[in-house]
Amino acid sequence: MKSLISCSTLALLLLLAITTLAGPPAVEGYSDPGAFRGKLQSLAKSKLVSYSALARTLGGNDVALLTVGTGKVDTKPAVLLVAGVNPTRPVDSEVLLRVARQLVKAAETDAEVRGLLDRVTFYVIAQAAPDAAEAFFSKPLEQREVNLRPIDDDIDGQTDEDGPDDLNGDGLITVMRVEDAAGKYVIHPGDDRLMIEADPKKGEHGRYTLYVEGRDNDGDGRLNEDPPGGVAFDRNFTFNYPYFKPGAGPHQVSEIETRAIADFAFEHRNIVLVWTLSDRDNLLDKWKPDTTAEEKRIKTTLLAADAPYLDKIAKAYEEIRGKAKPPKSPESGGSFVAWVYFHYGRWSVATRPWWIPKDEKESVEPKDGNPDDEDKDKKEESKKDERGAEDLQALAWFEKQGTEGFVDWQALEHPDLEGKKVEIGGFKPFLKDNPPASMLDDLAGRQYEFLLKLAGMLPRLKISELATEALGADVWRVTAAVVNEGVLPTVSELGRLTREPQLLQIELKLPAGVFLVTGHARRSIASLAGEGGRAEQKWLVRVAPGETPTLNVRVWSPMVGSVTRQIKLGEKLP
Amino acid sequence: MNRLGLTGLLLAICLTTSVFAAPKQKPYQPMGAPSDPKVPAQWNRYHDYSEATSLLKKMAAAHPDRAQLASLGKSYDGREMWLFTVTNRKTGDDRSKPAFWIDGGIHANEIQGPQVALYTAWYLLEMYGRHEAVTRLVDERTFYLLPMMSPDSRDDHMHRPNTTSSPRAGQRPVDDDRDGLVDEDGHDDLDGDGHITQMRRRDPNGRWKIHPKYPNLMIQAEKDERGEYELLGVEGIDNDGDGRVNEDGVGFYDPNRDWPRMWQPGYVQGGAYRYPFSLGENRLVADFVLDHPNIAGAQSYHNSGGMILRGPGNSDDAYSASDVAVYDAIAAKGTQMLPFYDYLVCSTGLYEVYGGEFDWFFGMRGIFSFTNELFTRENYFRRELTDRQEGEQQFDNLLLLGQGTVPWHEVDHPQYGQIEVGGKRKEWGRQPPSFLLEEECHRNMAFTLYHADQMPQVAIQSVDVKPLAGKLVEVTAAVVNEKLIPTHADADLKNKITPPDVVSITGRGFKIVAALQSREPFFQNAEEQEKRPAEVRVAGIPGMGAVYVRWLVEGPGPYTINVQSVKGGSAQVQKGNISAE
């Protein structure tokens, strides 16, 4: 086993290697982490924006935060926007950057947007895992989602010693298919470029084994079993954490990036909702409640009480985005999006800004979607052989766009697989997940539109009634009612359960000379439902003989905001 | 001066000395701790942070070859997280040997835990060279001791008003009642005596009365009997005027619900903080343990109740039969060494815990680990108590001469008016009194030393060199684990936590033809290792078990056989050139 010193030396060398081998982006027009940071910083020239670094990563990048708002930003209800949790998709970061830019621009000219910023603060973390995002600029280009933490994947005492290699020298890490009577894969009957898993039920026998392009660098008989890095941001959170699975890391929230963002979230009790742009979508591919699963102590499904509210958000999104069926969200545990709802106790909204469209109708062009067609498609699809369907769409889409997205299979003499027929080819890294840069503005436009809609749905307090009643002998009863006029409740049911968010407080301010006869000036309110949820509080107070002072009632919590109303004893308020 | 003269003078000096000063008598040494240690220490008392710090520094200075003091970093309030390493560095550095982790006081009020850790460090150092068993352990093993896992709250317990049960958390502020005010309503020492006791109020409608035999003890009135008092909980006032008393004190979080294995958030597991290792003190420990894969055994000291606990902490997790057999064998010795201690599985014997420390040590690091709940009331009279509370009162009366209790006395309470406070002093209840403390330390240490001695230790039992036809030679090594604990727990193998043990052959004058390994000496079901045959990777050597490795080589040698185990140490044997033999 290597000593730790040599392991860390190796890690250092690896860091150097990665930083020095920067190439052009996988898709032209995307910004590398350095340039991306520059763009975020230049946004901060606006008086409405500030830039800060939540942490410095192992690779020396900032985990950058933009705060967009007016006045005392941290004391207002806030929405946290996050992208880059799956760093193989810089599209999400690019879109969020543009959303932020549009928000700032609009706030400078549009009174309504400016008004929104007076009420709500937006925290923007556009590139959650900047080190991992550098893979988009790697040379050779390799689709990698982990950060730089050295991990001994094959527990042989050496770290990161056997990663992929660009054997055919085309600057890309693609796939090797190796003829193998015991293999699991066969060539797609409809397109001989694609590989699909053999189905024994159909009488198929596998003929190929697939490997990532590379050699057995350490001579242990295995190919690419200990690649550089690392930990995947979106598998490092606490909900349904994938213990011991690749990319999960040594334990939950183990990474500089994940920890910086989790700590920021916990330290900001004013965050009411987190919106994440990634390959997970819970609006078009909605989370479903399950009343049986919900009975259990550990909650693993959207609570039925929260479902109607997520439906409302989803409806708003559909109206803007158009009804569509995104690719299935990854099922891996430890995701950021699930953590937000299940453990952080805040509303978690997840959208996928882009995917390769299934057909003409669903293409980038607007708001389509006849629900009947969708259902029909669904039924037919379930009968069809689904294997390779998404790949076929990708090939068709590349062709239409004139993108050379596929490397044709070519035979190669593989030094570690002597006597075997080896071919290298397959999809070029990243192209299936990231559209041409020319599409980014349009994608961002729709997400921005949704952001404004979403911000309008946040809970909003109003002290709807405030009354005083003389009981005699200078004793008064003060009654206050507070209603929530927003679409969302003051806290989600799961948020209430997690006991993470602060409770709504209602307080009667007692000026000098006013005393409570009984009870307490300040009380907690568990939650107010959306669209009219109401709570009432009464106090008995005693005042100096004959006096009718003015009293203040305040209702507040960091994530809902604050309202105050005053009344003079005996006064009638409308 | 001539030679004779010098000798004469020396003789004269010697005689003079022997006449006027008797040669220094060796003190009479009892069994157990030495009477004349290099670092004097008193083991019937508790050390606060600065006293413990000073003791650790003295031990490190007095035993420079075998002790080392380092800080892993700082606690929330800025105290050092002292890590004390004991091993004989002349027989190899700390990382080269199987290592045992010992910690205490993660729940700071459980103050005897750190005392056991301090005693263990001291005993190992002071008995080194005096007694063979200790000498061997310090030569062969490394001990990493972190006596104070929660040093801020240890000082809080000792120097601020508290109960025997507070504080369990560290000092990080937490808004327990989620009203936006933080730690605004903790307990209050109404009578200023440094003890947080109970409050009672005379009330004709109360349901409590004074015990007829033990006036300090409150008991419930019979169902058909009128009571005399109501009980109002622990000493405190409603500091924030929200109608509740003591609902938001320092903390609250539980540092022993902060570990990654089966971690669940606070609504499932009370006391869980934000995410695993969101408590900085624990994170320092985790980083250290992750960086020292040679740690092969672990022990945490808590109080109370007399228990040797192992995981799993909850019924969603399970250990394999062979891992359980190892635990059972060690614990069986423990229950003998620790009278009235029960060996329990936490989830079934005590309560369900998600995110406990031992579950991480075992479930995610493959390290066999126990948590001992120190001190049991059976120790009051060395028998089972028929009535726990009365037994305590008897012990207080007879052996503490009444010192354990603050008698009820009147105080003014801003909300309740005239009330009385009284009850147990904070030093009594969960902690042993002075005369039982040293015994508690020694017995628990002895159990832990047994566990430490059973950590895996690899050895090469034999190397047989057998010439076959022509230049072909068969080299067979029997590699054994001389101890009870396997080099890899089942949980370790299943989750691929620790690299395999490697048995390698090096030397000159030969070429390897093939490498085989077998679980039995006849190689009837041998496995060939095709790649890198010089380094045979063995999935683990069971406790008291063996693995046999055979190389077919071409050439006369010499051969050097080496075994390297991350958790089980290493060994090496050289075999000379066979033609020369």
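This is a predicted model: local features need pLDDT of at least 70, side-chain atom pairs count only at pLDDT 80 or more; totals for chains, interfaces and linings use all residues.
Okay, let's start with chain A. It has 574 residues, and 43% of them are buried. Going by secondary structure, you'll count twelve helices and 20 strands in chain A. If you follow the C-alpha trace of chain A along its principal axes, it spans about 105 × 60 × 50 Å. And here's something about how the chain folds back on itself: take the contacts in chain A between residues at least 6 apart in sequence, and 73% of those join residues at least 24 apart.

Now, the inside. The largest nonpolar core has 122 residues, and the ones touching the most other members are A:Val68, A:Leu96, A:Ala100 and A:Val124. Which helix gives this core its largest share? That's α3 of chain A, residues 90-109, with nine residues. Let's zoom in on A:Ala100. If we skip its neighbours within four places in sequence, A:Ala100 is in contact with A:Leu43, A:Leu66, A:Val68, A:Val124 and A:Ala126. There's also another core, apart from that one, with 88 residues, including B:Trp263 and B:Phe447.

Next up, where the two chains meet. Chain A puts 29 residues into the contact, and chain B puts in 30. On the chain A side, the elements giving two or more residues are α6 (256-267), α12 (493-498) and β17 (522-525). What's that side made of, by class? Twelve nonpolar residues, twelve polar and five charged.

Two packed helices are described by the angle between their axes and the distance between the axes. For α7 (residues 321-337) and α12 (residues 434-453) of chain B, the axes come within 9 Å and cross at roughly 160 degrees. Angles over 145 count as roughly antiparallel, so that's what α7(B) is to α12(B).

By class, the contact has five nonpolar, two polar and two charged residues.

Key
Residues are numbered from 1 along each chain as its sequence is written. Chains are lettered from A and ligands numbered from 1 in the order in which they are written. Two residues are in contact if their C-beta atoms, placed from the backbone, lie within 7 Å. Helices (H or I, at least four residues) and strands (E, at least two) are DSSP runs, numbered from the N terminus. Ala, Val, Leu, Ile, Met, Phe, Trp, Tyr, Cys and Pro count as nonpolar, Asp, Glu, Lys and Arg as charged, and the others, Gly among them, as polar. A nonpolar core is a set of buried Ala, Val, Leu, Ile, Met, Phe, Trp, Tyr and Cys residues joined through C-beta atoms within 7 Å. A residue is buried if 20 or more other C-beta atoms lie within 10 Å of its own, exposed if 12 or fewer, and partly exposed in between; C-beta atoms are placed from the backbone. Axes are lines fitted to C-alpha atoms, for helices over the stretch in contact, and angles run from 0 to 180 degrees between N-to-C directions. Angles under 35 degrees count as roughly parallel, over 145 as roughly antiparallel, 65 to 115 as roughly perpendicular and the rest as oblique.
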